[in-house]
Amino acid sequence: MATDLAVQLFEQPKLGKVARAIAPNQRGRVFFEGTYWPARWHISSEAAIAEAEAWVIVLGRQGITLLVIPNRRPSSRAAALSSAPASI
C-alpha cells in the first residue's frame with residue numbers, strides 16, 4: 001500500500017498538469033516530465049479540487065504517486081513555483 005512507502009521530496013518543486021481531477025481523499029492523474037502519474041494531495045487534509053487542465057505544484061513522490069499541492073496562482077506558471085514552500 002502506498003502509505004507504507006517512504007516519501008521522497010524533490011530538491012525543487014516543479015509544475016505538473018492535471019489529467020484527471022484531484023479531490024480530497026481522491027487520487028487523480030498528473031502529466032509530469034513527459035508522462036502521466038497517479039497523484040494525490042501532499043497534505044491529506046487539503047480541501048481543494050484540481051480539475052483537469054489545471055496546474056499543480058509537484059513536491060515529491062511516494063512510490064509512483066506524485067505528491068502535489070494546489071497552484072494558488074493558476075494564471076502564471078512562473079508564479080506557481082515562486083508560491084511553493086521554500087523549505088523542501
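Predicted model: local features only at pLDDT ≥ 70, side-chain atom pairs only at ≥ 80, totals over all residues.

Reader: Thanks! Which pattern does the protein follow along the sequence?

Author: Helices (H or I, at least four residues) and strands (E, at least two) are DSSP runs, numbered from the N terminus. Here there are 1 helix and 5 strands, and they come in the order β-β-β-β-β-α.

Reader: How do the strands run in the barrel?

Author: Strands of a sheet pair through backbone hydrogen bonds, either parallel or antiparallel. Two strands are said to pair if DSSP finds at least two bridges between them. In this model, 5 strands make a closed barrel that runs β1-β2-β3-β5-β4, with mixed pairing. From one strand to the next, the twist averages 55°, where axes are lines fitted to C-alpha atoms (for helices over the stretch in contact) and angles run from 0 to 180 degrees between N-to-C directions.

Reader: Why is β5 described as largely enclosed?

Author: We call a residue buried under 20% relative accessible area, exposed over 50%, and partly exposed in between (1.4 Å probe, protein chains only). In β5, 6 of the 6 residues are buried, so the strand is largely enclosed by the rest of the structure. Thr65, Leu67 and Ile69 point one way from β5, while Leu66, Val68 and Pro70 point the other way, and all are buried. For the protein as a whole, 40% of the 88 residues count as buried.

Reader: Which residues of the largest nonpolar core touch the most other members?

Author: In soluble globular proteins, nonpolar side chains tend to be buried together. A nonpolar core is a set of buried Ala, Val, Leu, Ile, Met, Phe, Trp, Tyr and Cys residues joined through side-chain atoms within 4.5 Å. The largest one here has 13 residues, and Ile22, Val30, Trp41, Val56, Leu66 and Val68 touch the most other members. At least two residues of this core come from each of β1 (7-20), β2 (28-32), β3 (35-41), β4 (55-62) and β5 (65-70).

Reader: What does Val68 touch?

Author: Contact means heavy atoms within 4.5 Å. Not counting residues up to four places away in sequence, Val68 touches Ile22, Ala39, Arg40, Trp41, His42, Val56, Ile57 and Val58. Across the protein, residues 24 or more positions apart account for 56% of the contacts with a separation of 6 or more.

Reader: How many aromatic pairs does the structure hold?

Author: Rings of Phe, Tyr and Trp (its six-membered ring) pair if their centres lie within 6.5 Å; planes under 30 degrees apart count as stacked, over 60 as edge-to-face and the rest as tilted. The structure holds 2 such pairs. In one of them, the rings of Phe10 and Phe32 have centres 6.0 Å apart and planes at 5°, so this pair is stacked. Phe10 sits in strand β1 and Phe32 in strand β2, 22 residues apart, and the pair links distant parts of the chain. Phe10 is buried at 17% relative accessible area, and Phe32 is buried at 3%.

Reader: Is Glu33 buried or exposed?

Author: Glu33 is exposed, with a relative accessible area of 57%, and lies in the loop between β2 and β3. Its side chain joins that of Lys14 through a polar contact of 2.7 Å. A polar contact is a pair of N or O atoms within 3.5 Å; within protein, one must be able to donate a hydrogen and the other to accept it, and residues adjacent in sequence count only if both atoms are side-chain atoms.

Reader: Where does Asn25 lie?

Author: Asn25 lies in the loop between β1 and β2, and its phi is near 55°, a positive value in a residue other than glycine.

Key
Residues numbered from 1 in each chain as written. Heavy atoms only, no water.
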